[in-house]
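Backbone first, then charges, then totals.

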Amino acid sequence: MIPLSLTLSAFGPFAKEVTLDFKNIKNNIFLITGPTGSGKTTLFDAISFALFGKASGLSRTPDDFKSDFADEKTPCFVEFEFALKDKIFKIKRFAPYVKTTNKNTSRVISSKAILTLDSGEVIDNLKAVNAKIEELLGVNERQFKQIVMLPQGEFKRLLEAKSDEKQIIFRRIFSTEQIDEFTNILKLKSKELTDYTTSAKNTIFALLQSVLGSLADAELEAELRKSEPSIQKSLELLGASIKVQQGKLLELESVRTNLESSCKELTLELESTERLNSKIQERAALLSQLELLKQSEDVIEKAKSDVIKYRAAKDLQPQERLLSDKQTQLEQLKTVLLKETQQNSALSLELDALKSELAVQVQKSEQIKLYEQTIPRLEALVDDFKICDDLKVELAEIKIQKAKSKEKLNLIILSEQWLEIKAQIDTLKLQESSITQIKNLLQTFKKLHQKHQMQKENYSADYKLFLEQQAGFLAQTLNDAAPCPVCGSTEHPKIAVLPAKHLTQQMLEALKTALEETAQNLHQIQLKLQELFNALHSAGMFSFEFSDIFANEEQINLTHQKLTLNCHGLELKEQEIKQQVNVLFPAENLLKNKEFNLEIVRAKHEEQVKTDTRLELQVEALTADLKAKEERNKSLYPQVSSAEEIVNQISKLKAEINAHEAALKELAGLLEEKQAAFLKSESLIKLHNQNITELLAQIESESVKFKAAYQSVGFASLEEYKTALVLNCTAIEAEIAEYESKKREVLTKLSVLKEDIGANTFSKDLNMLKAKCKESSDALATCQKECIDLSATIEICLRTKNKVKTVWQQIEKNNNLCYKTNELYRLASGQNSAKLSFERFVLSSYFDLIIEIANLKLREMTMARYKLQRKLEKNKRHSSGLDLEIMDSFTGKPRDVSTLSGGESFKAALVLALALSEVIANFSGGTHIDTMFIDEGFGTLDEEALDCAIGVLMQLKNTGRMIGIISHVSELKDRIKDKLIVSATQNGSYAHFLLS
Amino acid sequence: MKILHTADWHLGKTLAGYSLINDQAFILHNLKKLLKEENIDILIIAGDIYDKSVPSIEAIRLLDNFLYEVTTETNVKVLAIAGNHDSAARLAFGNRLYQSQGLHIIGEFESTLPKLTFADDFGSVNFFFLPYFSLEKAMHVFDLKFKNLSEAFTAIINHNKPNIKTNERNILIAHGFFSYFQQVKNAFSELDVIDSELPIGGMDIIDIGPAEFFDYIALGHLHCAQKVAKDHIRYAGSLLKYSIAEAAQNKSVTIIELKEKGNLKVKTQQLATLHDLCVISGFIDDITQNPQKYVHNPADYIFAKLKDNNVVDGMFRLRQVFDNVLGLSVAANEDINFDAVINKELKQDISGMFKMFFKELTNNKLDDEYLTIVNDVIKDLNK
């Protein structure tokens with residue numbers, strides 16, 4: 001049961017409506033704190049009131065709940081919403097209050113309660129609501145207070161409660177009703193088994209009684225009459241008396257066998273006498289029979305003779321048949337002959353027809369012969385046509401060839417031209433190049449010439465200088481008196497001055513060589529030029545002479561100009577030729593791929609022309625031929641224009657010929673056939689006639705024979721013979737046989753009987769024998785009956801004995817089970833030495849568990865000093881009680897719980913309540929108490945104990961339980977995060993959550 | 001600069017009825033000696049100075065004496081903050097008056113952390129005081145909504161960042177449940193915590209990450225001296241062993257030698273105590289006959305885990321031998337696995353329970369014949 005929300009209205013110190021939402025509390029502990037008198041305990045009261053209609057403490061009653069702070073109009077109610085096993089319930093309860101009406105009379109409005117279930121169903125009957133709440137929670141108000149709340153000052157309740165009270169609580173919590181159920185079922189089973197035993201015993205006695213009647217056993221009777229008959233003894237007695245009866249049976253048996261044998265003898269005798277008598281009687285009968293038979297002998301004889309006659313007739317039958325056969329044959333043959341003659345006449349008619357037809361065909365063959373002659377001629381004509389066509393084709397081909405060759409010829413001509421031109425161009429080019437060469441050379445010559453001239457000048461100048469130098473040198477060496485080496489005078493008026501430029505001999509020499517070189521070069525060039533000019537001249541280009549070209553510069557220039565002009569002219573010519581080349585472009589392409597030279601081309605040209613002419617001739621010949629043939633054909637067959645028509649005609653003719661031949665063949669064949677058939681038929685007719693005559697003769701002879709035969713046998717006429725055949729032979733024969741056999745039978749029987757009977761005679765003492773026999777058999781029957789009765793009785797007794805035995809065994813078996821079940825039941829129900837019932841045991845073991853868990857916490861809280869344990873009753877190994885006591889480890893002796901101090905007893909109560917709630921939480925089934933409220937109590941602890949207590953609270957596993965603590969202890973305020981703060985004002989109290 | 005970092009004095013605490021005031025006086029005396037010997041410059045007390053909001057008279061007297069002696073006999077500056085056990089306003093009474101004497105006690109939490117600067121050879125050292133704060137207080141002070149304490153802490157650091165010169169050395173003094181990780185289970189693997197240090201109803205662990213840039217963070221609240229992932233973030237631990245769960249811890253104070261920025265040396269120093277607190281385990285007879293085998297000083301606070309199943313007058317006997325017995329437990333009270341117990345017991349079905357019942361009464365196992373009967377009955381029951 002987890003609280004979800006609580007609404008109070010005019011309840012206790014809460015004047016107005018206050019709603020508290022518990023859903024936001026995340027941790028499992030919350031603290032309700034506030035000053036004294038603010039209304040902390042009232043909140044618990046509210047929950048308790050909402051659920052049960054009572055306050056949480058004894059001293060308060062619901063009547064006191066209505067808040068004096070609130071006015072009369074405000075209703076006093078508590079609405080409590082809680083979750084139970086994931087289902088949400090809401091209960092609203094109104095407190096009773098006194099209402100004063102206008103007339104100053106007071107009315108007590110009693111309490112109302114409305115419960116809304118998780119399904120939405122609403123219960124508002126007060127009693128029903130209370131009952132439902134108790135059902136849902138599983139505890140009533142008292143128990144609720146003991147488990148769920150530890151109210152202020154009353155927390156010791158559970159600790160000090162008596163065993164029985166604890167048992168009631170625990171039973172509800174741990175739903176040990178099942179155990180109760182268990183015990184009950186054990187009880188039922190045990191009862192069942194004992195009942196079974198008694199009923200089985202009764203059955204046994206009934207059986208024994210039933211058997212008693214037939215046994216007449218006094219001992220057994222006596223035994224059974226006892227109040228507690230021993231079944232064992234009864235069985236023994238029964239067995240004994242059965243044995244006695246069995247002895248009796250044996251005696252009777254022997255008597256019976258004796259009687260049986262005597263009876264048998266008598267019967268045998270009786271039988272033999274009877275048999276004899278019967279045989280004698282039989283013989284008499286047989287004799288009379290024989291007499292009768294003798295009387296009918298005559299008839300039998302007649303029948304025999306008839307039979308003989310029949311036999312004879314039968315013998316003759318085949319002959320007769322033969323005769324008739326032959327006659328029928330004759331008839332047949334006659335009909336055949338008729339048919340044949342008919343056929344014959346038909347055939348002859350056919351034959352005539354065929355012959356006429358054949359004549360017709362023969363006439364036709366004349367015409368055919370004509371056809372045959374025309375065919376080869378036509379064929380020849382066809383050939384001619386064919387040849388004509390061939391020729392035509394050939395002609396066309398040749399024409400094509402001609403055209404081709406013409407083309408080729410053209411090409412060749414073109415290529416010839418091109419080649420010629422090419423040659424021309426080449427020569428022109430050569431000339432051009434040589435001219436340019438000459439030009440260039442001329443240029444160089446010019447230059448060189450110039451150079452040469454210059455050099456010459458320089459040299460001469462230099463030489464002069466040199467000379468002057470020499471003069472100068474000499475002049476220097478001159479003295480006035482010395483003679484001049486040159487002229488020899490001694491006066492030197494004009495002394496040569498040394499030129500500025502100093503020249504040596506070597507330099508002069510160098511200049512000279514240079515000059516000579518240049519001259520050489522010039523000469524060479526001149527020679528070259530001469531060569532070239534000669535070449536050109538021979539080619540016919542120049543008209544002017546060579547030698548006067550190099551005379552001077554002017555002339556060189558002139559030559560130069562002329563050459564240029566020539567060149568120019570050549571160029572022009574080149575252009576022209578180039579144009580021509582363009583015309584001949586295709587030829588160029590053709591020849592590009594192959595290296596033709598003019599000769600080959602020319603040769604080809606000639607060849608081609610030859611072929612051309614050849615072809616021409618051919619064409620002429622063919623056309624002439626063709627024309628002639630065509631003319632001829634036209635003359636022969638003017639209407640025929642093509643070979644095809646002729647071919648068709650030929651085939652037509654051929655076909656006709658073939659048809660004619662075929663027809664002839666056919667006819668010939670048919671004729672042959674028919675003739676053959678005709679001849680055959682004639683011969684057949686002849687044969688048939690022969691046969692007929694033969695047959696007639698045979699018939700005659702046969703009939704004569706036959707007559708003789710039947711007459712010899714005894715038949716006067718054919719009719720007699722026929723009547724004789726009509727006889728029903730088999731029946732008569734059967735009669736005869738029967739008679740004979742009967743006779744035989746009787747005779748044999750008689751002979752047998754004779755033997756059997758012998759000399760004996762009819763006996764008359766039969767009756768006496770019969771009576772004797774009967775007597776003896778009667779006696780036997782009674783004896784037998786007695787035997788049967790006795791054995792039946794014995795059988796019944798034995799069966800009964802066996803039944804009793806089996807039932808007895810079952811009882812024995814059952815006994816064991818019964819005993820054990822009974823024992824278990826007694827153990828479970830507490831009828832045992834320890835006076836401990838199963839339920840109590842279970843409860844006490846749960847209680848032990850609770851105590852164990854409580855001790856874990858108590859150990860911590862009291863530093864292992866205190867330990868809870870169950871009070872052990874004196875001299876009992878096992879305590880059934882649920883009373884508690886405290887074991888103090890300091891003294892090592894246990895003492896009652898009530899001896900604990902306030903703080904210590906709070907600790908014990910706290911741990912017990914915590915342990916209980918933990919066990920309940922882990923226990924599936926039973927009540928679902930997962931909330932706990934502790935109202936004060938922590939204030940009774942000193943700081944060490946408080947520390948321990950808080951430590952214990954800390955260890956509570958977070959299993960979804962909620963623990964609400966009311967305390968003003970400041971340490972708790974610090975340590976517990978979620979708080980519900982109740983504050984008191986002049987107008988009443990307020991409460992609100994302060995969550996972490 | 002030499003700093004001594006301590007916390008969680010819990011002056012006035014009683015343990016199992018024994019007042020520890022004398023032990024606390026003894027160790028504070030030794031602490032004063034240590035301050036003199038080590039030439040400490042700054043003493044940091046990082047919260048939980050008193051055990052209760054309204055401390056006992058002896059506790060007040062003890063603290064009064066100590067602080068007076070330290071401030072008069074030495075040049076040590078005392079920097080203290082209020083913890084969750086202290087009452088902030090009461091503890092910080094007269095703080096403004098003390099400052100001139102070198103005593104600074106910051107009780108109430110403010111959005112701007114009080115800053116105190118001292119100079120040493122290497123420059124200035126800034127101390128920031130962050131006393132214990134609750135989520136409500138933080139939300140109230142900032143007028144903002146925080147989801148958890150970590151968020152509040154981040155906001156505090158961010159708010160104060162402009163005031164912190166990161167080129168200088170800065171030290172933060174704080175009191176709370178700080179960890180490097182947000183996850184509870186990681187925190188537990190990381191830190192040594194005893195149960196009473198856990199908050200109820202929710203784990204509000206504060207992520208120390210945002211404050212990592214401080215040169216040293218002096219923390220208080222957890223009673224075991226330890227570092228929080230990094231060497232410069234430490235809990236000093238309590239002065240004395242204050243519960244049986246702490247019996248195995250080594251108590252110490254932390255001394256920090258602070259040189260230039262980036263250079264600090266940390267060491268722990270144990271102080272002599274008047275009594276030790278230990279848990280001894282053995283048989284009652286052996287313990288009472290040979291107490292010296294288990295404990296050096298019979299005056300120590302002893303918790304006896306007796307191996308006997310039940311002892312009569314155990315407490316009385318122990319008190320003959322030892323002066324201060326905190327309590328005893330017997331072997332029969334050994335830890336039981338809750339889940340195993342509850343599952344075993346409750347998951348029994350009727351036939352199982354009946355078997356147990358049968359065994360209990362007749363001391364025999366339920367043989368096959370009986371078993372078939374029982375199964376039949378159960379079958380009928382289920383119909």
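**Entry 1: backbone angles**

I started at Ala10(A), which sits in strand E1 (residues 2-11) of chain A. The model is predicted, so I kept to its computed values. Ala10(A) is not a glycine, yet its phi is positive, about 50 degrees. Most residues other than glycine have a negative phi. Is Ala10(A) buried or exposed? Ala10(A) is buried, with a relative accessible area of 0%.

I then turned to chain B. His10(B) also carries a positive phi, near 50 degrees, and is a residue other than glycine. Where is His10(B) placed? I found His10(B) in the loop between strand E1 (2-6) and strand E2 (14-15) of chain B. His10(B) has a relative accessible area of 2%, so I logged it as buried.

**Entry 2: salt bridges**

How many salt bridges are there over all chains? The count comes to 37.

I took Glu73(B) with Lys32(B) to begin. Their closest N and O atoms are 3.3 Å apart, and the two form a salt bridge. This pair links distant parts of the chain, 41 residues apart: Glu73(B) is in helix H2 (residues 57-73) of chain B, and Lys32(B) is in helix H1 (residues 21-37) of chain B. I checked the cover on each partner. Glu73(B) has 40% relative accessibility and counts as partly exposed. Lys32(B) is buried, at a relative accessible area of 8%.

Next I noted Lys137(B), which forms a salt bridge with Glu108(B). The closest N and O atoms of Lys137(B) and Glu108(B) are 3.3 Å apart. Which parts of the chain does this pair link? Lys137(B) belongs to helix H5 (residues 135-142) of chain B, while Glu108(B) lies in the loop between strand E6 (103-106) and strand E7 (115-120) of chain B. I recorded the pair as 29 residues apart. Lys137(B) is partly exposed at 32% relative accessibility. Glu108(B) is partly exposed too, with a relative accessible area of 38%.

Asp276(B) lies in the loop between strand E16 (264-269) and strand E17 (277-282) of chain B, and Lys241(B) in the loop between strand E14 (230-235) and strand E15 (253-258) of chain B, so the pair ties together parts 35 residues apart in sequence. Asp276(B) is partly exposed, with a relative accessible area of 31%. Lys241(B) counts as buried at 17% relative accessibility.

I also looked for shared partners. Salt bridges join Lys32(B), Lys36(B), Glu69(B) and Glu73(B) into one network.

**Entry 3: a surface patch on chain A**

Which residues gather in a patch of negative charge on the surface? I listed Asp389(A), Asp390(A), Glu394(A) and Glu397(A). Asp390(A) lies in helix H9 (residues 297-477) of chain A. Its relative accessible area is 52%; the cut-off for exposed is over 50%, so Asp390(A) is exposed.

**Entry 4: totals for chain A**

Chain A has 21 helices and 17 strands. Of its 996 residues, 40% are buried. I put the accessible surface of chain A at about 57,800 Å², with 54% belonging to carbon and sulfur atoms. For contacts in chain A between residues at least 6 apart in sequence, 74% join residues at least 24 apart.

How values were computed
Residues are numbered from 1 along each chain as its sequence is written. Chains are lettered from A and ligands numbered from 1 in the order in which they are written. This is a predicted model: local features need pLDDT of at least 70, side-chain atom pairs count only at pLDDT 80 or more; totals for chains, interfaces and linings use all residues. Side-chain values use heavy atoms; hydrogens and water are left out. Patches are made of residues with over 30% relative accessible area and no salt bridge: like charges are joined within 9 Å, nonpolar side chains (Val, Leu, Ile, Met, Phe, Trp, Tyr) within 5 Å. Accessible areas come from the Shrake-Rupley method with a 1.4 Å probe; for residues, only the protein chains shown count as cover. A salt bridge is a side-chain nitrogen of Lys or Arg within 4 Å of a carboxyl oxygen of Asp or Glu. Lys and Arg count as positive and Asp and Glu as negative; His and the chain ends are not counted. The place of a charge is taken as NZ of Lys, CZ of Arg, CG of Asp or CD of Glu. Helices (H or I, at least four residues) and strands (E, at least two) are DSSP runs, numbered from the N terminus. Buried means under 20% relative accessible area, exposed over 50%, partly exposed in between (1.4 Å probe, protein chains only). Contact means heavy atoms within 4.5 Å.
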